[in-house]
Structures are given as C-alpha cells and as structure tokens.
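Please walk through this model with the sequence at hand.

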Amino acid sequence: MSSTNLILFGYDSTLANKLVDVIITHFTQTEKLNFSKKLVEIPIDEYDNNDELQNGILIHESKEIPSLKIINISDNNIEYKNQVFEHYKSIKDNIFLCVFSTEYRLKDQDKIYLKNIYTSVEKFNLNNFFCIIDTSSICDDELSYYDDYIRGELGFIFQKKSYFDFQKYQSRVFFLDLEQASVINSENFLSKRLEQSNYDKFITELKNFWNQIREENPEEVSQALLETEVFNKPIPQVQQLTQIIDNIIKQRNQQASIISKYIENINKIDEGIKELSNGLNNLSQHPQLTQDLKMQVQDFGRNSIYWNREIMPILEQLENAKKRFSRQAITIGCSGQARVGKSTLLQTIGNLPEEAIPTGKGIPVTAVRSLIRHSHERKAILSLRDKNNFLEELVKPFHRELNLSVVNSIEEFKNFDYNRNNLATDKNVELLGRLRQMQAAISSYENYLTGEKKIIEDLTKLRPWVAYPQQQEKDPNCSRLYLAVKNIEIKCSFLLDVEKLVLVDLPGLGEVNLDAEEHHVQALKNEVDLVLLILRPTAQSSYWGNKDRKALNLIAKAVEGVSKLGDFVFIVVNNGEQDDKELYQILINDIHRQLNENQPDSRYKVLTCNAIDPDNVKEEVLFPALNHLIARLPVMDEEIVNSIFSQWQAVVEKISTAIYELETSLRKIPSQTTSMNGTIYDKAKLLRQELAIKLANNNRELREEIQSEKDEGSITDNKLVEAIKEKHQEIRIWAKNGLGTGEKDWYDQARGRFDIDKTVDAFAVDEINRARAYLTDTYSQLDIYFETKIEELWIRISNIISACTGNLIADVPAGKEALERLLLLLEGKESNNPFPSLQEATKYLLKCGEENAIFQSHLLPRLIEETQKLAPERLIFTNISCESKDAEKRVLEMITGKIIQTSYAVQKILREKPFVSNILYSAAVKFEDSLVRSTDADRQFFDFALSYTNYIWVNEFKAIENNYMTVKTVDNAITQLKQLLNISIQR
C-alpha cells in the first residue's frame with residue numbers, strides 16, 4: 001500500500017470543498033500530515049478526449065508514506081463519476097465519501113450510482129463507505145424529519161435479511177453542519193471539534209478505517225511514524241483546557257445516561273431468559289411432548305445458564321463504562337513499583353507537603369490509595385473503614401492465603417493466636433509477620449473503624465493516616481492508623497489551574513494487602529482515564545523487567561476494548577539531577593527495544609521528567625498527558641463502548657439462533673386449542689339447548705297462571721286481591737273523614753273559601769284534584785307487591801341459569817344479585833370480551849324491577865283512565881249556592897261519593913285483568929328469546945363458554961387448558977425476549 005484514496009462524490013461541489021478543507025485541517029493537526037495540491041489525469045479510455053480529463057482532477061495528497069489522497073469528483077457528471085468509480089472500485093483501501101445537502105433529493109441515477117458503490121464495498125462490510133449530509137440550512141428541530149427521509153432513501157444499503165442495521169447506519173451516515181466546521185481554524189480547532197459530536201464521530205470512524213489500512217502495512221506505517229511527531233501537538237491555553245475537558249465530561253455524561261438504558265434493557269433480557277427457562281421447565285411436562293422435543297427444550301434451559309455467564313461480564317463492563325462516563329472529572333492515575341518517585345511527582349503537581357504524600361528511601365511508603373483533586377480548597381477527607389470492611393479486605397485475605405480459620409469479629413481477630421507453634425513456615429513467615437503487626441497495633445486504630453468521614457485541614461498531619469511507619473517507628477506497638485483508612489481525597493491547587501482534573505495515587509503493587517492487585521485493576525477500569533506508569537533507573541534495575549511487565553499486564557486487564565494500550569498508559573521515566581545519566585539512557589533504550597520494537601513512541605509514549613522540578617513536570621508530563629487525553633479520550637471511550645456492544649451482539653446472535661431453533665421445535669407440538677375449542681363449541685350448543693328448555697318450561701308455567709286467571713274471570717293471587725281491597729278501604733275511610741282532614745275541619749275550610757270566593761266551584765275543584773292525587777298515590781303503593789313478584793321471577797330464572805352453568809354465579813345469592821353478577825360477566829368485566837345480545841337480555845330483565853316500573857308502565861295508565869271520572873267538569877255544583885247553610889255538606893257528599901265510586905271501579909279492573917301475570921310472562925319470554933334465539937346467540941354462547949370454560953364446566957377442561965397455557969406462556973416469553981433483544985442491538 002503506497003496510498004489511500006479518499007474519493008468524494010456527491011451533488012454539491014461547494015459542500016464537498018468545505019469537507020475537503022475540514023478533513024485536511026484535522027489530519028494536518030492531529031496526524032501531522034502535510035498536504036500538497038496537484039492536477040492528475042485518471043487513465044479512462046472512453047474519456048481520453050474529454051475536456052474534464054484534459055483539465056485533470058485536483059487531488060490533495062499527503063507527503064508522508066503511506067500517503068492519503070483526497071480526490072473530489074463532485075463537479076463531474078454522473079457518467080464520468082461512474083468511470084472513476086470503476087477505476088478505483090477493485091482497490092479495497094479506497095474510501096468512498098458521498099456528500100450532499102438536506103435540501104437535495106436523490107434522483108434515480110443517484111441511487112443507481114450508490115447501488116453500484118454499495119455492491120462493491122459490501123464485501124468490506126461497508127467500512128470504506130461514508131455519507132455526509134450538510135445541515136447548515138435547517139434548524140435542529142427539523143433534523144429528525146431529514147433523518148427519517150435519508151434512512152428511507154438509503155435503506156437498501158443498510159437493510160439486512162431480517163432487520164435494519166441501525167448501528168452500521170449510525171457509524172456511516174453523519175449529519176454535519178459543514179458551514180460551522182469549515183470555519184474552524186487552528187487556534188480553536190480542538191474545542192470547537194468537541195462541540196460538534198457528530199463531526200467527532202465521523203472523523204473517528206474515518207481515522208479508524210484509515211488506521212486499519214495502515215496497520216496492515218506496518219513497515220510503511222513505521223516509516224511514516226518516524227517522520228511524524230504525533231504526540232507533540234500544540235497544547236491549547238489553560239483556559240481552553242478547562243472548557244475542552246468540561247465538554248468531554250458533558251459528552252461522557254450523556255453517554256452514561258444512554259448506557260443506563262442499555263443496562264436496564266439487558267437486565268430485563270436476563271430476567272426474560274429466566275422466565276423463558278421456567279416456562280420451558282413446565283413445558284417439559286407437557287403430555288404431547290415427544291422425547292426429542294423434550295431434550296431440545298431441556299437443552300435450551302441448560303444453554304440459558306451459560307448465557308447468563310456471558311451476560312454478567314457484559315453487564316459488569318457496562319456498569320464500569322457507566323461509572324467511567326458518569327465521573328465529573330478527568331482522572332490520571334499514577335502507578336508503579338515502590339521507590340520510583342511516584343509520590344514525589346504527585347507532591348510536585350499538587351504542591352503538597354511530604355506528610356501528605358510521603359516518600360522514603362529503601363522502604364515502601366504509600367499505604368492508602370489517595371485521590372488528589374485540583375481545588376482552591378486545601379484539606380483531606382478520609383473515608384474510614386468499618387469493622388466489617390477491615391475484616392473482609394485486610395484480615396480475611398491473609399487467613400485464606402495462610403489457610404487459617406475464618407475470623408468474623410474484631411474480638412476474634414484480637415484473640416487469634418498467631419504465635420502458636422508450627423504456624424510459621426519459611427514460605428509464610430512474611431505474611432504472618434504482617435498479621436502480627438496488624439494485631440499488635442489494633443489499639444491505635446480500632447476506635448477509628450467507624451465507616452465515617454474524617455476531615456484533616458492541616459495536611460502536614462496526614463502522614464500517619466496514609467503511610468507505613470517510618471523505619472525508626474517499626475516496633476510491635478507502633479501506631480498504624482493507615483489500617484483504618486479505606487481511601488483519602490486530598491484537595492489542593494495543581495501546577496495547572498485546570499478544573500475537573502484528578503490524580504489517583506495507587507499504592508505500590510502488592511504492598512497494601514493480598515487483594516491489592518485486584519483492587520488496583522478495578523480502580524483502573526472505571527476511575528482512571530490515563531495511567532502514568534512511573535519507572536526510575538537504579539544500579540540494580542536499569543531495564544524493563546518482570547515487575548514492570550506485570551504492572552503493564554495488570555493495566556491491560558483494566559482497559560478491555562481499547563485497541564491501543566499505548567492510548568491508556570504513558571511510561572514516565574523519572575530522572576533526577578543526581579541520577580546516573582548512563583543508566584537512564586539504558587532504561588530508555590530497553591523500553592523502546594522491548595515495547596516499541598526499537599521505534600521510539602511507536603506503541604507506547606515514553607515521557608521523561610525530573611519529578612522534583614515543577615516546570616519540568618508541567619512541560620514534560622502534564623501538558624503532553626492532557627494534550628493526549630483531549631485527542632484520544634473520546635476515541636478510547638468509543639472503542640470501549642464498541643467493544644462491549646460487539647461482545648453483546650455476539651451473545652444476542654447466539655440467543656437469537658437458539659430462540660429460532662426453539663420456535664421451530666415448538667411448532668411440532670400438536671395444537672390443543674382446535675380440539676378443545678371444538679369440544680367447547682359442542683358443549684356450548686348443549687348449554688344453550690338446556691337453558692332454552694328450562695326457560696321455556698318456566699314461561700309455560702307463567703302462561704298457565706294467566707290462563708287460569710282468564711278462566712276465573714279474576715286474578716287468582718289472593719295476596720294481590722287482599723292488597724287491592726286494603727287500598728280501596730283506605731280510600732273510602734279517607735274520603736268519609738272529610739277527605740282526610742276531618743269532617744268538621746273540612747266544613748270550616750269550605751265555608752271560609754265560599755265566603756271569600758262567593759262561589760262553591762273554586763274550592764270544590766281544588767278538593768277534587770287533591771282527591772284524584774291521593775287515589776293515584778294510594779294505588780301506586782301496590783308496586784311494592786309487584787317488586788316482590790319480580791324478585792320471585794328473578795330467583796326462578798337465576799336458579800335455572802345457575803343450575804346449567806356450574807360455578808359461574810353459584811357464589812352469589814339467587815335473584816337480583818345473581819343476575820347482576822351475570823351481567824358483569826356478559827359485559828366482559830373479567831374477560832375483556834363483551835357479549836351484546838346476552839347482555840341486553842339480562843339488562844331488560846333487571847330493568848323490570850326498577851322502582852315503580854310496573855306501576856308506571858301498566859297500572860298508572862288504567863288509574864288515569866278511571867280517575868278521569870273525577871274530572872271537575874264532570875261534577876256540577878252550579879245548583880248549590882254558596883249562601884246555602886248546607887252548601888259545604890252537599891259539596892263534600894258529592895266529592896266523597898264520586899271518589900268511592902271511582903276507587904271501586906279501579907279495584908274491579910285490577911281484580912278482573914291479570915296484568916301482573918302478563919307483565920311477568922312478557923319479561924320472561926323476552927329474556928328467553930334474546931338469550932337463546934337471537935340471530936348471533938349461537939356464536940355468542942360459544943364465545944361466552946370459551947371465556948368462562950372453567951367456571952361453567954369445573955375441572956373438565958383444566959388439564960387441557962393448563963397444557964395450552966403452558967405453551968402460551970412460553971410463546972409470550974419468546975415474543976417478549978425477541979423484542980428486548982432487538983431493542984438491545986439498536987444504537
């Protein structure tokens with residue numbers, strides 16, 4: 001590979017030129033490429049005499065090897081573009097970049113051209129195809145509309161067999177504001193770049209593919225790297241650093257929110273797999289499951305255990321990524337063996353006293369992991385262990401290693417005999433000695449095992465809380481306060497006034513407790529963005545040795561997904577003024593020999609500094625580290641996420657394949673719903689027939705009562721006869737008692753009105769109307785009796801229904817309650833499936849018992865007809881003079897006689913016409929007809945029986961339904977799981 005051709009085609013040459021400028025600016029600044037312009041001719045036979053070819057094509061080409069050539073053919077016509085494409089399509093190292101505006105609408109010939117490119121690049125999994133849509137002419141809230149349009153237009157490119165590859169679409173189609181991007185100059189390039197995340201993603205994807213091409217040709221790339229100083233980029237000003245870091249943190253926080261949703265969804269998938277496995281366990285008992293099917297079902301259940309083991313590490317990685325992106329600071333970790341100047345470097349950066357980050361000669365010093373935060377405050381916040389944490393993290397690991405019995409309390413630890421005979425051996429004497437020291441010093445730190453926070457304002461008093469005892473202090477009873485401290489946060493002002501910058505002081509490997517390395521790795525996974533691995537040449541060790549290699553391997557374990565470990569770790573060689581320069585150079589050379597293949601900084605950047613010199617540390621360590629983080633941290637973050645999702649997609653593919661095979665197997669289970677439904681249909685027909693016969697018999701009895709009353713010429717119900725007599729007698733007594741007011745009082749009222757009105761007519765009319773109302777109200781009281789008769793009918797009908805429908809309404813009293821319960825079932829309150837015809841029949845039957853229903857509909861019309869005889873115009877009072885002494889008596893006698901006569905007529909009618917029996921019979925017949933003879937009654941009876949099978953035919957279908965529900969539960973679990981899996985791979 002001598003060059004990579006980046007070919008821009010599209011439908012707007014102005015936009016393409018802007019994009020060319022943006023790409024060149026980026027590669028010039030971040031990759032140190034130097035571009036030159038030249039006109040070249042592409043040898044295409046059909047266009048030998050073409051004017052376009054005579055003028056040539058303007059190409060921007062980098063001078064470095066391998067070179068990057070940017071070829072813009074957006075100005076050319078479609079035929080010429082096709083010829084250029086044919087010339088380059090067979091070279092896999094070419095990158096094709098389509099660019100157009102949101103205002104442009106793809107034509108048929110454009111789609112044909114894209115189709116040709118797609119067919120060619122499909123073999124490379126679309127890694128060398130990009131599409132840029134300029135958004136400078138639209139508002140932010142219009143973007144979703146254009147995204148939908150473009151996704152539809154380019155669907156044929158990203159559509160797989162069964163799904164749209166949304167992840168590939170997002171990594172190859174970018175909406176960019178090229179107007180904004182084109183004005184980015186070298187001074188504010190980095191900060192502006194981070195403000196436009198889509199641009200950053202596009203450049204990252206473009207560089208990833210270009211780097212992949214270069215890695216396939218390492219000799220040429222190595223040569224190019226030797227000629228390029230990638231790491232020595234100009235650093236922005238301190239004020240810009242704060243803004244850039246803040247932008248990075250905001251982007252990371254947004255990513256953390258997205259990852260939280262994926263974690264939630266994957267947890268649901270894990271639960272869904274468990275639910276499906278439980279369903280399959282039940283399904284394995286299905287009576288119609290063949291032995292082969294049973295084995296396949298059981299295999300799925302066994303495989304689900306392994307999926308859980310694959311899901312858990314991915315969830316752990318996502319949780320680590322979430323914590324990594326949720327941090328509100330950029331964190332640099334300092335690691336390395338003891339006595340290499342790590343603490344000195346941290347003292348220098350934070351302007352800290354010896355007591356805060358202690359140093360020492362010839363002995364380990366740092367005992368507690370410290371987090372040092374840039375701040376204008378100056379204090380230390382100690383997180384103290386509680387007793388349980390002290391035992392779990394410090395004591396128990398030693399006991400496990402020494403194969404000692406477990407200690408579960410501080411008292412057990414204090415009383416444990418570490419000095420008994422035969423306990424110490426040549427191999428464990430060192431570990432046993434450390435346990436003895438911890439036990440001997442317990443009185444110095446036990447009271448601090450509270451799990452609380454402790455603040456120390458004076459940093460010069462910090463040493464005993466963070467460091468091992470000084471050599472002269474090492475006696476059995478010396479204080480060991482550091483054992484009570486889990487970690488510490490020190491706030492101080494750094495050499496650079498850069499907000500949201502944190503340093504982590506990681507204790508020397510293997511020096512805190514037996515699980516130090518595990519904690520070391522875990523801290524690196526989500527708490528550190530860049531590790532400074534510090535070395536120092538000594539007479540005993542001036543080369544890259546096993547301990548250094550082990551430290552680098554531990555760091556490598558903590559950064560799963562980062563393609564280049566050199567992005568995550570810098571090697572810092574501490575070289576003081578008094579150190580041997582020859583040993584220093586030997587160490588530098590050995591590092592490059594073993595890690596960089598004798599090509600300095602090709603894989604791992606090696607920084608050198610004098611750890612006690614602030615200016616040197618700032619220029620040689622802080623600036624290069626921050627510059628590197630600004631350029632590479634977003635890339636590392638993206639690689640980490642991509643790595644996790646790549647692993648997840650592999651798991652999803654396994655699960656999806658297994659689900660497909662499971663669904664195929666489940667289709668072989670004979671469907672029981674058809675046979676069960678057929679049986680229920682037959683039984684529903686029988687139920688309908690049974691109800692029809694019993695309701696018809698009931699109606700026949702009611703009809704016989706009507707006929708009997710007709711034959712008798714009067715109603716035969718003695719209770720009703722007596723009730724009618726009682727009402728007539730009440731009216732008669734009321735009338736004879738001065739229309740209910742007493743004869744004497746009525747006379748006095750009448751005489752008073754006569755004297756005022758000078759006539760008897762007005763008062764007489766008022767009293768007649770009052771008498772009519774009283775007569776009507778009195779006979780309406782018979783409705784209480786009628787309600788009793790309706791209740792009897794309800795009881796008869798509900799008993800018939802209950803006898804035919806098992807436990808459907810058996811748990812409620814017969815009569816109105818039973819019918820209301822039936823109505824709820826028919827309305828679909830429990831099954832969400834209403835049955836209109838059956839529902840209306842039951843409603844009508846209940847409506848007959850509404851208050852005064854029979855009186856209003858049947859008795860009242862007869863009363864009105866008879867009481868018309870009491871109309872004032874039918875009574876003549878003109879022959880009675882108001883002056884007459886007996887006028888009031890004569891008026892009362894006329895009204896009383898007429899009332900008693902009318903009541904007698906009403907009584908006779910009620911006794912002679914069997915209207916109650918007719919009413920009950922009519923209601924019962926209408927109910928029967930609507931229930932069992934409506935046009936859709938057959939279908940509704942079947943649906944009703946299907947909905948309440950286990951209530952109507954108790955236990956008869958239980959086994960069949962249980963088997964059916966077992967299969968249905970598995971089907972539902974599969975559907976839910978497939979939906980969750982599909983969502984989980986969309987980014």
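Contact means heavy atoms within 4.5 Å. Angles run from 0 to 180 degrees between N-to-C directions, and axes are lines fitted to C-alpha atoms, for helices over the stretch in contact. Helices (H or I, at least four residues) and strands (E, at least two) are DSSP runs, numbered from the N terminus.

This is a predicted model: local features need pLDDT of at least 70, side-chain atom pairs count only at pLDDT 80 or more, and totals for chains, interfaces and linings use all residues. Residues are numbered from 1 along each chain as its sequence is written, and side-chain values use heavy atoms, with hydrogens and water left out.

Now the sheet itself. Strands of a sheet pair through backbone hydrogen bonds, either parallel or antiparallel. Here nine strands form an open sheet with mixed pairing, in the order E11-E10-E12-E9-E13-E8-E14-E15-E16. Its edge strands are E11 (453-456) and E16 (606-609), each of which pairs on one side only. From one strand to the next, the twist averages 25°. Two strands pair if DSSP finds at least two bridges between them. E10 (residues 379-384) and E12 (residues 485-492) run antiparallel and are joined by six bridges. Ala 380 stands opposite Ile 490 in E12.

Next come two helix pairs. H27 (residues 743-757) packs against H28 (residues 761-780) at an angle of about 135°, with the axes 9 Å apart. These two helices are therefore oblique to each other. Angles under 35 degrees count as roughly parallel, over 145 as roughly antiparallel, 65 to 115 as roughly perpendicular and the rest as oblique. H27 brings Trp 746, Gln 749, Ala 750, Arg 753, Phe 754 and Asp 757 to the contact, while H28 brings Ala 762, Phe 763, Asp 766, Glu 767 and Arg 770. By class, this contact has five nonpolar, one polar and five charged residues. Ala, Val, Leu, Ile, Met, Phe, Trp, Tyr, Cys and Pro count as nonpolar, Asp, Glu, Lys and Arg as charged, and the others, Gly among them, as polar.

H31 (residues 836-847) and H35 (residues 937-947) pack at about 90°, with their axes 8 Å apart. H31 and H35 are therefore roughly perpendicular. Pro 836, Ser 837 and Leu 838 of H31 meet Gln 940, Phe 941 and Phe 944 of H35. Four of the contact residues are nonpolar, two are polar and none is charged.

Where is space left inside? The structure holds six cavities of 30 Å³ or more. On a 1 Å grid over the protein atoms alone, a cavity is a set of points where a 1.4 Å probe fits but cannot get out; lining residues have an atom within 4 Å of a point. Grid points are joined across faces, edges and corners, and a volume is the space filled by probe spheres set on the points.

The largest cavity holds about 120 Å³ of space. H13 (291-326) gives the most to its lining, with four residues. The lining has five nonpolar, two polar and three charged residues.

The second largest cavity holds about 100 Å³. Its lining includes Leu 838, Phe 941 and Phe 944, which also take part in the contact of H31 with H35.

Technical notes: On a 1 Å grid over the protein atoms alone, a cavity is a set of points where a 1.4 Å probe fits but cannot get out, and a pocket is an open set with protein on both sides within 12 Å along at least five of seven lines; lining residues have an atom within 4 Å of a point.
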